[in-house]
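The following paragraphs lead the reader through a single structure. Please keep the sequence and the coordinates at hand while reading.

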Amino acid sequence: MGYIYKNITTTTGTPLLSRSEVYNNPIQRIALSNISTNPCVVDLYLYRTYGNAIGGYEKDTETKTVESYYLFKSLTIPVGVTLKLESDDINIDYDNVIHDLYITTDNSIDVTIKIKK
């Protein structure tokens with residue numbers, strides 16, 4: 001098993017794991033620790049963008065489709081609290097992954113991910 005540690009300090013969507021990292025590597029646990037002096041509002045979601053080109057030839061000028069599927073949205077984590085998600089709480093099809101795992105927060109948060117390798 002492997003661990004991934006991230007300190008998230010930005011309010012924009014931040015990738016936690018790419019689709020290739022998630023593929024066939026089930027997540028055993030995710031711990032989200034509020035290290036801010038204020039409550040954190042957190043979104044955890046699967047995300048991807050793709051083009052609509054025929055034949056797989058995407059161009060920079062084409063319209064992109066965005067897909068987001070939330071594990072949770074606008075969840076408030078109080079100051080000093082750690083939220084632990086176990087494998088049963090993380091609904092991802094690890095054999096057919098086409099999305100990256102992203103997080104968005106309005107304050108600083110530490111993330112620990114335990115994956116099965």
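A residue is called buried under 20% relative accessible area, exposed over 50% and partly exposed in between, with a 1.4 Å probe and protein chains only. By this criterion Tyr47 is partly exposed, at a relative accessible area of 23%, whereas Tyr45 is buried, at 7%. The model is predicted, so local features need pLDDT of at least 70 and side-chain atom pairs count only at pLDDT 80 or more, while totals for chains, interfaces and linings use all residues. Residues are numbered from 1 along each chain as its sequence is written, and side-chain values use heavy atoms, with hydrogens and water left out.

Rings of Phe, Tyr and Trp (its six-membered ring) pair if their centres lie within 6.5 Å; planes under 30 degrees apart count as stacked, over 60 as edge-to-face and the rest as tilted. The structure holds five aromatic pairs. One of them joins Tyr45 and Tyr47 in an edge-to-face arrangement, with 6.3 Å centre to centre and 85° between the planes. Tyr45 and Tyr47 also belong to one aromatic cluster with Tyr70 and Tyr102.

Tyr45 leads on to Ile103. With contact taken as heavy atoms within 4.5 Å, Ile103 touches Tyr45 as well as, among others, Ile8, Leu16, Leu32, Val42 and Val111, leaving aside neighbours within four places in sequence. Ile103 lies in strand E7 (residues 100–105); strands (E, at least two residues) are DSSP runs, numbered from the N terminus. Its relative accessible area is 0%, so Ile103 is buried. Between Ile103 and Tyr70 there are 9.7 Å from C-alpha to C-alpha, at a separation of 33 residues in sequence.

The wider setting is the nonpolar core, defined as a set of buried Ala, Val, Leu, Ile, Met, Phe, Trp, Tyr and Cys residues joined through side-chain atoms within 4.5 Å. The largest such core has 25 residues, of which Ile27, Ile30, Leu32, Val111 and Ile113 touch the most other members. Among the strands that each supply at least two residues of this core are E1 (2–8), E3 (27–34), E7 and E8 (109–115).

Strand E3 is largely enclosed by the rest of the structure, because six of its eight residues are buried. Two strands pair if DSSP finds at least two bridges between them. E3 and E8 pair in the antiparallel sense over seven bridges, and Leu32 stands opposite Val111 in E8. E3 also pairs with strand E6 (residues 82–86) in the antiparallel sense, over five bridges, and here Ser33 stands opposite Thr82.

Note on methods. Helices (H or I, at least four residues) and strands (E, at least two) are DSSP runs, numbered from the N terminus.
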